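Work through the exercises below with the structure in view. Try each task before reading its solution.

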Amino acid sequence: MAITSTKLGAVTLFVTDLDRSKSFYTSVFGWNSVFENHDSACFDAGVTLVNLLLESSATEQIAPAPVAASGSGNRVLLTIFVESADDAVESLRSHGVAPISGPTDHSWGQRTACFLDPDGYVWEFAQNFD
């Protein structure tokens, strides 16, 4: 029997500096924290919650699976759909964040731009072509 769900409820990102990451998500995305404690902060990103969890607490959360070291390579791409990738990149720049790629038009019908959060997670702004 398949598990049925209508939405992705939460994404947890392991971070090295909780205060730095909270500041990034608050200032760059304008997200509000809906829960905080000494080792985590959870943000309402619309349909999905984005939870920031200190790497030191992540081991307990996912044991016996290992926590990959920060900077060991990217294994996830997080996408935010926007009306204008170009405007979103300009907003990033106003926060001192430079894109690592794009905005670029792709054959699958999107214009995208990628950037890194303070812990090296790759985020993408994606604009659907009309």
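Arg111 has a relative accessibility of 18%, so Arg111 counts as buried (buried means under 20% relative accessible area, exposed over 50%, partly exposed in between, with a 1.4 Å probe and protein chains only). This is a predicted model, where local features need pLDDT of at least 70, side-chain atom pairs count only at pLDDT 80 or more, and totals for chains, interfaces and linings use all residues. Residues are numbered from 1 along each chain as its sequence is written, and side-chain values use heavy atoms, with hydrogens and water left out.

**Exercise 1.** Find which residue forms a salt bridge with Arg111 at 2.8 Å, and where the two partners lie.

Solution. 
- Step 1: apply the rule. A salt bridge is a side-chain nitrogen of Lys or Arg within 4 Å of a carboxyl oxygen of Asp or Glu.
- Step 2: find a partner. Asp86 pairs with Arg111, and their closest N and O atoms are 2.8 Å apart.
- Step 3: Arg111 sits in strand 7 (residues 110–116) and Asp86 in helix 3 (residues 85–94), so the bridge ties together parts that are 25 residues apart in sequence. Helices (H or I, at least four residues) and strands (E, at least two) are DSSP runs, numbered from the N terminus.
- Step 4: Asp86 has a relative accessible area of 33%, so Asp86 is partly exposed.
- Step 5: look for another partner. Arg111 also bridges to Asp105, with the closest N and O atoms 2.8 Å apart. Asp105 is partly exposed because its relative accessible area is 48%.

**Exercise 2.** Describe the salt bridge between Arg93 and Glu90.

Solution. 
- Step 1: take the distance. The closest N and O atoms of Arg93 and Glu90 are 3.2 Å apart.
- Step 2: Arg93 is partly exposed at 45% relative accessible area. Glu90 is partly exposed at 48%.
- Step 3: take the total. The rule gives six salt bridges.

**Exercise 3.** Is Ser21 buried or exposed?

Solution. 
- Step 1: locate Ser21. Ser21 belongs to helix 1 (residues 18–29).
- Step 2: read its accessibility. The value is 0%, so Ser21 counts as buried.
- Step 3: list contacts (heavy atoms within 4.5 Å). Leaving aside neighbours within four places in sequence, Ser21 touches Val15, Leu52, Pro118 and Asp119.
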